[in-house]
Each structure stands twice: as C-alpha cells, then as structure tokens.
There are 2 protein chains.
Amino acid sequence: MDFPVDQMTERDWQTAEDPGTVRFAMVGLGWWTRAEAVPAVEESDFCETTVLVSGSKEKARAGKDLAGSIEHGITYEEFHDGVAADAFDAVYVCTPNALHLPFVETAARLDKDVLCEKPMEATVARAREIVELASAHDIEVMVAYRMQTEPVVRRARELVREGVIGDPVLVHGNMSQRLLDIIPDPDQWRLDPDTSGGATVMDMGVYPINTTRFLLDSDPTAVQARTAHEQAAFADVGDEHAAFTLEFPDGVYAACTASQNAYKSSHLRVTGTEGEIAIDPAFFNEKDRGFRVSVADEHWEVGFEQLDQMTEEFDYFAHALLTGRPVCADAEHGFVDMCVLESIYEAADSGETVDVSGL
Amino acid sequence: MDFPVDQMTERDWQTAEDPGTVRFAMVGLGWWTRAEAVPAVEESDFCETTVLVSGSKEKARAGKDLAGSIEHGITYEEFHDGVAADAFDAVYVCTPNALHLPFVETAARLDKDVLCEKPMEATVARAREIVELASAHDIEVMVAYRMQTEPVVRRARELVREGVIGDPVLVHGNMSQRLLDIIPDPDQWRLDPDTSGGATVMDMGVYPINTTRFLLDSDPTAVQARTAHEQAAFADVGDEHAAFTLEFPDGVYAACTASQNAYKSSHLRVTGTEGEIAIDPAFFNEKDRGFRVSVADEHWEVGFEQLDQMTEEFDYFAHALLTGRPVCADAEHGFVDMCVLESIYEAADSGETVDVSGL
C-alpha cells in the first residue's frame, strides 16, 4: 500500500492560494478561546481576531493583549447591540452550550457567518432554531468539529472511502478525561444541565458520534445507552460516565464510551470486512497523531507531525466563506448530532432502544 | 514502574514441580482438537492424550497418529458405554455446544473430571444441568477459557488488582473473524441455532465477556445488545454481527462487539481513573502478545514471546487436579457467562435492557 506520508498534512480542501482574510469576533473568553482559538487564529493564513466578546467588560478589555489585531473588547450586551459590527466578518461562538442560540441570533441579524462550538446547543429545540436562523438569514453556520478538518481523520476517511478496509462493520470509540481535575469547580457550567444539556455525552460523547458519522459518511438509525454517576458534583447532570451503541444502516455498530472522570484517553477504530483503521489517540489536540491500518497480515503505522487543529478548522471555515463554498459541517449536520445526543439521554433514561432513523 | 518482563510467562499458579500426569480422553475430533489441543498436550508437562473419541470410528482410529501416547480411538457410543474408561483420568469436551451435556453426563457417571470448551452449552437450561452434575458427582468441571491461563491476561489482571490504573471505569472489547472464509460451509454447526445456541455472541462475544469478568473480578448486572445479519447463511442464528454493553457494579461499562464476518481482529482495553491497559491483539492464539500500560503521561509497551495457550490451559487444569485444588473457571463461573450470553440475545430481540444482577 502506498501512503504518501509527505502529503498527509496537505489541505485537500484548499483551492485558492490567497483568498483574503476573515475578521473574527470571538464570543466567550473561557480558557479554550484564550489558550486555543485566538493563538490558532494568530497562526492561520486566512483569519484574524479583531473583536473579543465577553460577559465581563474587564475580561474583554484585558484580552486585547492576546493578539495585535484585536481592535475591540466588548460585552455580550454590546455585541447584541451591534457595537463594533463593522470590525468583524464572522463570529466564533464558544460560550456555554445554552448561550449559543442568542449569539447566533444576533450574528444572523447582523448578517455575519458563524463558527459555532459543538455541541450546537443544550437542546434539540434550541438547535433547531439555529438551523432555521441559518436558513432564514442565509448565513453559513459551521459547527466546530475540529476532527473533520484534522489531517489524520481526513486521511483515514479517504482510506475508508477507497474501500481499503472493505465494508465497515464495527466501530469502537472512546473519549475520557477528568473534568474536575482540569476545572476543579463543582459549580462549573458543564455540570448544570440547563446550561450544558449534559456533562459527558454532550461534551465528550459527541466526538466519537460525529467522527464516526464523518468516517462512515453515514448517520445512525438507532441508539442504546447507559449513563451513571458516582460523584455528587454530577448528580444534576447524571452522566459522569456513559456507554452507548449507535446502529448505522446495514447492521454497522459503533460501541462508544465517554467519561468525565476517567484517565485521559481517546481512540477510534473502524473494523471492516477486509481490514481495520485505528486512530489512537484520536480526539485530543495536543498529542502526536497517526493511525494504524491493518489489511490481511500487514500493518502500517502512519504517523506525522501534529498541526494545530484549531488553525486548520479556522482556515477551512474562512477559505469556504471567502471562496463562496458551503461549509462541510453545517447546521443541519450538527443538528443530527443534537438529535442523537438527546436520544442517548432518552435511551439511558428508559433503558430502551431509541429509533433515530427519521433524522 | 517495574515490569519484571522475564517473569511474565511464569506460571503463578504452579506449586508442585512434578505433580504427575493426567491422561485425557479428547472428545470431538474437529480441527481445534487435532490442530491445537492434541499438539498442546504433547508439549505439556502434566498431561497426555490416551483416548480419542469421535462420532466416526474411522476418524477416531485415524487420529491415533496424532500422538504416540494415544491408546484408543473410540466412538461416541463406545465412550458412553464406558469403553476404555480405565485408560483416561479426565475428559476434554470439544464438540458442538449442544453436545457438551451428554459427554459431561457420561464423564460424571464414570467419575472423570472435565475440561469443557466454551461456551458451556447451547442454552442456560443445559448449562445448569452441567453445574448440577459437577456438584452431584463431585467432579471438577473447568470451562476452557484459555485467556484465564494466558500470561498476558494474567499480568494485566495483576496490574488492575494492584490499582495501577486506579478504579476501572470503561472497557472496550472486540473479537471478529470471517467464519465462512475459515470454514466455507453454510451448513456448519455454528450456524445451526439448535446446535450452537448462536453464531457470533456465543463463539466470539464470550471472549470479551469472560475476559472482562476475569480482569475486573466482577460480574455484569445489566446488558443491552443489538445483533444483525446480512448473509443468508446467518439467517437461522441471526447474529452475524453483534454489539452489546455490559454494565458492572459502580457504573463500570464494557462496550463490546463481535462479528463472524469482519476482519480478524481482537482487542481489550480497560480505562481506569488513573490509567489504561490495552491488550491488542487480545484473543486469538497465534499472534505475538503483549499489552500497553498508560499512567499519567507515561506509556509502557510490554511484549514477550507467545506461549502455547492450550498447553498453559491443559497444564493448569491437570496441576489443579493433581494437587487437589479447585479449578478457577469452574462450572458455576461458566454458568454466569451462559446467562449473560442468553440475556444478550434476549436484549437484542426486545431492544430493552436486561437485568442480570441476580446472577
């Protein structure tokens, strides 16, 4: 088998050499925006951060040191009032889940495209409103699945598409971390069901769900699930740990787990009729990346230097906007995940299989 | 961390240097007995094959070339009639699943101990009869879970027990192969539900189920499952592919898959609060073996030369008999798996979670 490893990090989606620049308003100045998104945009080819939007005026102002391109630090209220609207072309929404909708609403009203963090919102009903806003205002809303613009996953997907492992049969996926070690606050928003929609399935489970959909180019038809919690901090959300099975057409199963209180680990493995692709580590963004392909008695370990996943994502989104192409993980695509996520909670509550074939 | 790799293949169960020899009647002369079991006994320290038992007189006679120690080749009927009963001490039962019970019955009547292939029988009801026979006749019945005497799995279990990965949280397990490539006969017994009890869950699924029980030293409390088939040969059994979730106490989940029509692959991974152990390949017996342990940011790849799994299993069983110790995977232990296996089919049929906490 021929793996052109030197081409692994090529941007297969890039058609224009110098399409221009998209100026971003970054909404929500939590650690992810400050430590990942803004620095990623600094390294990007087609993006710059011009506006920071925070619940706190001080935080918005202090954040201006993050990049020389930042012109304005404004509050949520100011953003909704249209302050500095001429200074940005698109909005990156990285707030708690249940705050995504109002910012997409304002962005739509201002005719700005949106890169919206995953999961889209805290409920299916609110996610549906985002889909409708995108359509009614004719704006692009891309859901920020950084795995979909990540070279390892894209190359793995090519191999699946080319039939290298035959027809996919089984998938295994896990994402786990210790949330309370990372953010030692039992009152954080991810543990408040009204704000997050759920702790583990929503935040971690969405990775194996969406990445499996992307790799298989297929959507689930049924789900089974179990959730459990031990620590008091997880009592309100209920899902400290989760296990769920996704059924795809033709009897393809994805056996998935997720935890906010287990060793930091992630893997994704697709076993087909003729071979297997294993991505390990799969979903975190700071590790060396690669995958293993097995066909017959042969195994290939394919590894290469990690790119900044957020830079890839931002540049992909900006390039699509600048060249007038539809974004790949659009709102309707993200809406399917919201329905699957909500069905997983429903299946865990009832103990019964939930049909999602109507998605 | 200190891994005494040179001691990895030590028999931690062995207490006697030269406890003697157990003479075996090998019942069922399919390829596994001829290509694996008899050669493994030839290499063993405490076992020899003295009697072969087959449905066909010719096969029983012809098989005598397999080992110099073989004294008798007899038919199933002759075995049940007690022919050559003085020439063996114990019986290895390696017939189709639904034939295990009558051979255990005869062995019990003849006061012979039994090493019975997994799964114990084709149904829970028949497995229960084996448990009762073992008890009533005071014979040892060990279920042939070769993973339980396999050095990689035993060392991994020690690490789990020592708390190296913290408390177990999540398990992933798969076993898959292409049955009709291995045995290209759509009328084979594994595809007849009356003889096998099921194709994939019974034959492959039992590996992640039992090995997870062994590694965690814990039994499932609930199961969820899906099964599917595409090929006509699997229409009667229904389970060409299967996905099932086992719930263990304290919200520990095992996400498992199995297939008789997918790339040959097997893996088992236990993720704990503090680390992870991944065994890959896990369940087949002809590959290089090892495991990976991850704790904090450290990863250790532990590999060593493969032993003959069947030799280990036969010697363990014989050593237990000769030293008067109870066997580890006894009939009651195997009976739990039978209940789990049957519950998986029930859960797949109903789409509902099946409680197995009463096991």
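## Salt bridge between B:R155 and B:D12

In this predicted model, the side chains of B:R155 and B:D12 form a salt bridge with an N to O distance of 2.2 Å; the term denotes a side-chain nitrogen of Lys or Arg within 4 Å of a carboxyl oxygen of Asp or Glu. Because B:R155 belongs to helix α6 (residues 151-161) of chain B and B:D12 to the segment before β1 (22-27) of chain B, the pair ties together parts that are 143 residues apart in sequence. Helices (H or I, at least four residues) and strands (E, at least two) are DSSP runs, numbered from the N terminus.

B:R155 is buried at 8% relative accessibility, whereas B:D12 is partly exposed at 39%. Buried stands for under 20% relative accessible area, exposed for over 50%, and partly exposed for values in between (1.4 Å probe, protein chains only).

## Further salt bridges

Over all chains, the structure holds 42 salt bridges. In one of them, A:E78 pairs with A:K57, the closest N and O atoms being 3.0 Å apart. This pair links distant parts of the chain, with A:E78 in helix α3 (residues 76-80) of chain A and A:K57 in helix α2 (residues 57-62) of chain A, 21 residues apart. Both residues are partly exposed: A:E78 has 23% relative accessibility and A:K57 has 21%.

A:E121 and A:R126 also form a salt bridge, with 3.0 Å between the closest N and O atoms. Here A:E121 is buried at 0% relative accessibility, while A:R126 is partly exposed at 28%.

## Negative surface patch

A:E42, A:E43, A:E48, A:E71 and A:D308 form a patch of negative charge on the surface. Patches consist of residues with over 30% relative accessible area and no salt bridge; like charges are joined within 9 Å, and nonpolar side chains (Val, Leu, Ile, Met, Phe, Trp, Tyr) within 5 Å. A:E43 is placed in the loop between α1 (31-42) and β2 (47-54) of chain A and is exposed, at 59% relative accessibility.

## Nine-stranded sheet of chain A

Chain A contains an open sheet of nine strands with mixed pairing, in the order β14-β13-β12-β11-β7-β10-β9-β8-β15. Two strands pair if DSSP finds at least two bridges between them. At the edges stand β14 (298-304) and β15 (354-355) of chain A; each has a single partner strand, so one side of each is left without a neighbour in the sheet.

Strands β7 (residues 168-178) and β10 (residues 252-259) of chain A run parallel and are joined by seven bridges. The bridge partner of A:G173 in β10(A) is A:C256.

## Backbone geometry

Most residues other than glycine have a negative phi, and most peptide bonds are trans. The bond from B:K118 to B:P119 is cis, with omega near -15°, and B:P119 lies in the loop between β5 (113-116) and α5 (124-137) of chain B. B:D280 and B:P281 are likewise joined by a cis peptide bond, with omega about 0°; B:P281 is in the loop between β12 (275-279) and β13 (289-295) of chain B.

A:D111 has a positive phi, near 65°. This residue is in the loop between α4 (100-109) and β5 (113-116) of chain A and is exposed, with a relative accessible area of 54%. B:A296 also has a positive phi, of about 50°; B:A296 is exposed at 52% relative accessibility.

## Conventions

Residues are numbered from 1 along each chain as its sequence is written, and chains are lettered from A and ligands numbered from 1 in the order in which they are written. Local features need pLDDT of at least 70 and side-chain atom pairs count only at pLDDT 80 or more, while totals for chains, interfaces and linings use all residues; side-chain values use heavy atoms, with hydrogens and water left out.

Note on methods
Accessible areas come from the Shrake-Rupley method with a 1.4 Å probe; for residues, only the protein chains shown count as cover. Lys and Arg count as positive and Asp and Glu as negative; His and the chain ends are not counted. The place of a charge is taken as NZ of Lys, CZ of Arg, CG of Asp or CD of Glu.
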